[in-house]
Amino acid sequence: MDDNNSILIDKYLSNQLTAEELLQFEKRMQDDAAFKAEVELHKDVVGGISNYGRNLMRAEIAATGIAAKSNLDNYKPSKGGGSWGWTLLKGVIFLAALGGVGFPLLVHNDKIEVDPHIKSEIEQMIKSEGGFSNPSTAPSQQQPTIRMETIYHTIKTKSVKAGDTVIITSEEEYKEYLERQEKETKAAPAQ
Amino acid sequence: MSTPLTEDQIVSLLRTDHRLAFGHLYRGYFRMVEYFVTKNSGNGHDAEDVFQETMLAMFDKARDEGFALTCTIKTFVYSVARNIWLKKLRDNRVKVSVKDFENYNNIPLEEEAPESDKQDQVKTAIEQLGEGCRKILVLFYYQKKKMEEIAAELGYTNADNAKNQKYKCLQQLKSKLGNG
């Protein structure tokens, strides 16, 4: 086998032959048993090298893990377990303006029609970890940057009224929010 | 404290300096994966395994030139880890109702070729090669590095020399496998 064959077979195995080259290649395999055997051997060898390389890589990764152990970022889930997820929209969304991100006011409940523009912005924020990642990694990440920390802060320190922004992204926060609302309602008797 | 890398930087780092990339990923996302695994019937040891396999899968994907992230790294790590852990649970016939803590995408896992007898023989043969040969073959066939990169990494004067060397090593390996 010469180097050209080797290069050709490499191309074949990595799907880099043109349609015409591929036809020729397959025809040659049919007609030439020795060539076919070469291809098979090459395939086994390349597969074996890949597995070998992958196992070396596993060892490297394990070593990196041990080295990184003492210096891991904390983690705070972006959302609660199970069913919560996109029930965000069915749940509670109060929006107005927070940290320079302007939204018109939306009031909660299941039936509310969410402005598609806002919906997509929220989706975008939720998808972008810059939106809701844990506080220790968030600052330099992508915009729009609304950090979980800020949201917590908003829930905990401010009364929610028109013009405030609270985006609830987890079940825990939702419960916390409801409790707070309840307290406030008791403190300020209904008219 | 280092500054967090951007998404693109992580992907290109996986291609150019994977050790550094793994370090960043471990630091940034290990706890997230650990949380997911331990909340879904796994223990700390499982979490480490899952994280390692996740890094490996990310490395494998990043090797492909056509690969581009279509979501954030965080979502990507979470999605791959989630897939790996759920597959393991399925393989062990453990049924769980999955608790999720992040958004995820459907990112298919590459099936690793099962180790056949033939591959065992190849492995033994590879171990008999000199270190230089093992390195060049792994860099080319597993890490899918370009000849220019390999030449630079292993100190060959140019890509052609590296290419010739690779060919010789491959021949050596094949000859160790006897008549195939």
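**Exercise 1. Determine how many helices and how many strands chain B contains, and in which pattern they follow one another.**

Solution. Helices (H or I, at least four residues) and strands (E, at least two) are taken as DSSP runs numbered from the N terminus. On that basis chain B has eight helices and zero strands, and reading along the sequence gives the pattern α-α-α-α-α-α-α-α. The model is a predicted one, in which local features need pLDDT of at least 70 and side-chain atom pairs count only at pLDDT 80 or more, while totals for chains, interfaces and linings use all residues. Residues are numbered from 1 along each chain as its sequence is written, chains are lettered from A, and ligands are numbered from 1 in the order in which they are written.

**Exercise 2. Decide whether B:Thr6 is buried, partly exposed or exposed.**

Solution. First, locate the residue: B:Thr6 lies in the segment before helix H1 (7-16) of chain B. Next, apply the cut-offs, by which a residue is buried if 20 or more other C-beta atoms, placed from the backbone, lie within 10 Å of its own, exposed if 12 or fewer, and partly exposed in between. B:Thr6 counts as partly exposed because it has 13 C-beta neighbours inside 10 Å. For chain B as a whole, buried residues make up 38% of the 180 residues.

**Exercise 3. Find which residues have the most contacts inside the largest nonpolar core, and which elements supply that core.**

Solution. A nonpolar core is a set of buried Ala, Val, Leu, Ile, Met, Phe, Trp, Tyr and Cys residues joined through C-beta atoms within 7 Å. The largest has 34 residues, and those with the most contacts inside it are B:Val33, B:Phe36, B:Val50, B:Met55, B:Val77 and B:Ala81. Two or more residues each come from helix H3 (33-68) of chain A and from H1, H2, H3 and H4 of chain B, with H2(B) giving the most, 10 residues. As for B:Val33, its contacts (C-beta atoms, placed from the backbone, within 7 Å), leaving aside neighbours within four places in sequence, include B:Ala47, B:Phe51 and B:Thr54. A second, separate core of 21 residues includes B:Ala125, B:Ile136, B:Val138 and B:Leu139.

**Exercise 4. Describe the side of chain B that touches chain A: how many residues take part, and which helix supplies the largest share?**

Solution. Begin with the count, in which 47 residues of chain B are in contact with 43 residues of chain A. The largest share of this side of chain B, 11 residues, comes from H2(B).

Key
Two residues are in contact if their C-beta atoms, placed from the backbone, lie within 7 Å.
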